[in-house]
Amino acid sequence: MNKFMMLTADNNSHVSVEFLICDDRNQCKDCRQAQCIDKARQVRLLEDAVYYLPGLGKLTVRAGFVFDGASIPAIFWATKGHPLSHSHLRSSLLHDALYAAQITNRATADKLFLDFMQHADCVDWYTRTTIYQAVNLCGRSAWNEKTPESIIAARELITLEG
């Protein structure tokens, strides 16, 4: 069986993040920004996260990386959890980092997400299978929307050492 492990700088496996919130919450109802922080529900990683991935090596996601968690439609939040749920936040960080930097192919990134949910985050079979199937079916657009510039920028914060 594959051994997955995640360690942060202080040798435990927590993920420390901060929510990105608008400076002026009074303007949210009138916000016209296409990339509105309130709608994007993004968080910023506050400490480096290190993953040991069987057969690939050590993946480091550096503090400052911004991600949005699992791509779970709001209608399913009651049964699958919020996209930033603690039950799969570490798995979602891994998946978002792999998509952002594209240092593996998409199928490998999706499979690592599924395996990490099972072996490291202990997400129950039904939840992890449903989330994985959604990512497998709908993740193509998220993968394809990455530009060469965004991939280069992501690789400043995400590295894989074999």
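These are my notebook entries on a predicted model of a protein, looked up feature by feature.

**Ground rules**

I number residues from 1 along each chain as its sequence is written, and my side-chain values use heavy atoms, with hydrogens and water left out. Since the model is predicted, local features need pLDDT of at least 70, side-chain atom pairs count only at pLDDT 80 or more, and totals for chains, interfaces and linings use all residues.

**Confidence**

I checked pLDDT, the predictor's confidence in each residue, from 0 to 100. The mean for the protein is 78, and 64% of its residues reach 70 or more. Over residues 7-11 the pLDDT is below 50. Beyond near neighbours in sequence, that stretch has nine contacts in the model. Contact here means heavy atoms within 4.5 Å.

**Layout**

I took helices (H or I, at least four residues) and strands (E, at least two) as DSSP runs, numbered from the N terminus. The protein has six helices and seven strands. Along the sequence I read the pattern β-β-α-β-β-β-β-α-α-α-α-α-β.

I then looked at burial. Buried means under 20% relative accessible area, exposed over 50% and partly exposed in between, with a 1.4 Å probe and protein chains only. Buried residues make up 41% of the 162 residues. Of the contacts with a separation of 6 or more, 66% are between residues 24 or more positions apart.

**Nonpolar core**

I defined a nonpolar core as a set of buried Ala, Val, Leu, Ile, Met, Phe, Trp, Tyr and Cys residues joined through side-chain atoms within 4.5 Å. Which residues of the largest core touch the most other members? They are Y51, L59, V61, F65, L93, L94 and I158, out of 31 residues in that core. The elements giving two or more residues to this core are β3 (43-45), β4, β5 (57-61), α3, α4 and α5. Helix α3 gives the largest share, eight residues.

Not counting residues up to four places away in sequence, F65 touches V43, R44, L45, L93, D96, A97, A100, L157 and I158.

**Helix α4**

I checked the length of α4, residues 106-119. The expected span is 1.5 Å times one less than the number of residues. For these 14 residues that gives 20 Å, and the end C-alpha atoms are 20 Å apart, which agrees. Buried residues in α4 are R106, A109, D110, L112, F113, L114, D115, F116 and M117.

At the start of α4, a side-chain oxygen of N105 comes within 3.3 Å of the backbone nitrogen of A107. I count a polar contact as a pair of N or O atoms within 3.5 Å; within protein, one must be able to donate a hydrogen and the other to accept it, and residues adjacent in sequence count only if both atoms are side-chain atoms.

R106 lies in α4 and is buried, at 13% relative accessibility. What does the side chain of R106 reach at 3.2 Å? It reaches the backbone oxygen of V135. The backbone oxygen of N136 also lies 2.8 Å from a polar atom of the R106 side chain. Leaving aside neighbours within four places, R106 contacts Y99, V135, N136, G139, R140 and W143.

G139 is in helix α5 (residues 125-144). G139 is buried too, with a relative accessible area of 7%. G139 and R106 are 33 residues apart in sequence and 8.5 Å apart in space, C-alpha to C-alpha. With residues up to four places away left out, G139 touches Y99, R106 and A134.

**H95**

I found H95 in helix α3. Is H95 buried or exposed? H95 is buried, with a relative accessible area of 6%. A polar contact of 2.7 Å joins its side chain to that of D110. Beyond its neighbours within four places, H95 is in contact with A109, D110, F113 and V135.

**Aromatic pairs**

I paired rings of Phe, Tyr and Trp (its six-membered ring) if their centres lie within 6.5 Å; planes under 30 degrees apart count as stacked, over 60 as edge-to-face and the rest as tilted. The count comes to three aromatic pairs.

The rings of Y51 and F116 have centres 5.3 Å apart and planes at 70°, so this pair is edge-to-face. Y51 lies in strand β4 (residues 49-53) and F116 in α4, so the pair ties together parts 65 residues apart in sequence. Both residues are buried.

The rings of Y99 and W143 have centres 5.0 Å apart and planes at 90°, so this pair is edge-to-face. Y99 in α3 (residues 89-101) and W143 in α5 are 44 residues apart, and the pair links distant parts of the chain. Y99 is buried at 5% relative accessibility, and W143 is buried at 13%.
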